[in-house]
Amino acid sequence: MEKFFVITNANKDTDLKVTERIQNYLTSHNARCQVFVDNLCEQENESHLDIPKDTQCILVLGGDGTMLQAARENLNTDISMIGINMGTKGYLTEIEVGSLEDALESLLKDEYHIESRMMLNGVIHKSGEKMPPMCALNEISITRKGSLAVIHYNVYVNGKLLKVYSGDGIMVSTPTGSTGYNLSAGGPIATPQAELMLLTPICPHTFNTRTVILSPLDVVEIEIAHGRDGQVQEVEVNFDGNYKEILYSNDKVIIQKSSATTKIVKLSEAGFLEVLHSKMRD
């Protein structure tokens with residue numbers, strides 16, 4: 001590789017010293033390096049990055065949240081991404097700051113492989129109108145908004161009712177997202193190269209509710225039901241913790257595997273379970 005684009009989360013690299021290290025190293029080795037600095041994690045809409053079409057790799061400097069937003073920005077370019085961890089766990093990021101130069105050298109020498117990660121496609125039906133589809137790399141979640149009241153929702157799989165749920169919410173996750181919100185909600189971990197969807201209730205108000213593992217061919221419909229005594233419920237649908245939309249009773253979200261994928265550059269020969277062990281022991 002020799003043509004790079006750097007996306008820096010300004011809240012993580014506040015003095016831009018790490019960004020400058022990247023730029024100086026790459027340019028001193030005759031590589032092209034363009035930099036975009038912003039606080040991507042707090043944006044709810046795409047900022048329409050002007051990424052050159054011949055870019056070979058996007059370096060994302062921040063944490064998992066920055067990687068997720070960059071994946072949305074990069075949805076239509078099909079350019080491979082690699083994350084530089086300045087967050088906490090950093091399940092999506094490949095490079096630690098302490099080994100930055102060694103990692104950049106590997107990229108310049110083409111010593112890497114690329115993983116293609118499954119994404120989700122979600123279509124919101126609100127007040128009888130169908131909204132444009134949205135993609136998510138980690139998960140699409142529906143949670144209560146504001147009030148501590150229990151929310152009720154009906155879940156259909158391939159047009160058939162699976163269950164009427166009550167609780168704080170529900171999410172559909174990809175294998176990549178299994179180590180994110182899904183893990184915090186008590187869902188299982190899946191290897192990121194698997195092809196499946198995880199349907200995980202959030203704080204369900206029952207003892208026998210568990211994650212349901214679905215195939216990538218299944219279509220999930222989550223319909224917002226009415227509350228107690230027919231009360232209209234207000235909930236929030238969230239795509240990768242970034243794009244949000246308020247929904248009400250009778251609104252729904254239809255979720256299925258997206259035709260789009262996210263390409264993530266991997267430098268380490270360590271397998272997923274080895275990396276997982278390292279992250280989870282901290």
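Colleague: In which strand is serine 258 found?

Modeller: Helices (H or I, at least four residues) and strands (E, at least two) are DSSP runs, numbered from the N terminus. Serine 258 is in strand E17, residues 252-266. This is a predicted model, where local features need pLDDT of at least 70, side-chain atom pairs count only at pLDDT 80 or more, and totals for chains, interfaces and linings use all residues. Residues are numbered from 1 along each chain as its sequence is written, and side-chain values use heavy atoms, with hydrogens and water left out.

Colleague: Is serine 258 buried or exposed?

Modeller: Buried means under 20% relative accessible area, exposed over 50%, and partly exposed in between (1.4 Å probe, protein chains only). Serine 258 has 7% relative accessibility, so it counts as buried.

Colleague: What does serine 258 touch?

Modeller: Contact means heavy atoms within 4.5 Å. Leaving out residues up to four places away in sequence, serine 258 touches Met119, Leu120, Asn121 and Cys135. A polar atom of its side chain also lies 2.9 Å from the backbone nitrogen of alanine 260.

Colleague: Where is serine 215 found?

Modeller: Serine 215 sits in the loop between strand E13 (212-214) and strand E14 (220-224). Its relative accessibility is 30%, so serine 215 counts as partly exposed. A polar atom of the serine 215 side chain lies 3.1 Å from the backbone nitrogen of leucine 217.

Colleague: Why is helix H2 largely enclosed by the rest of the structure?

Modeller: Because eight of the ten residues of H2 (residues 64-73) are buried. Among them are Thr66, Met67 and Leu68. What covers the buried residues of H2 includes strand E1 (3-9), strand E3 (57-62) and E17.

Key:
A polar contact is a pair of N or O atoms within 3.5 Å; within protein, one must be able to donate a hydrogen and the other to accept it, and residues adjacent in sequence count only if both atoms are side-chain atoms.
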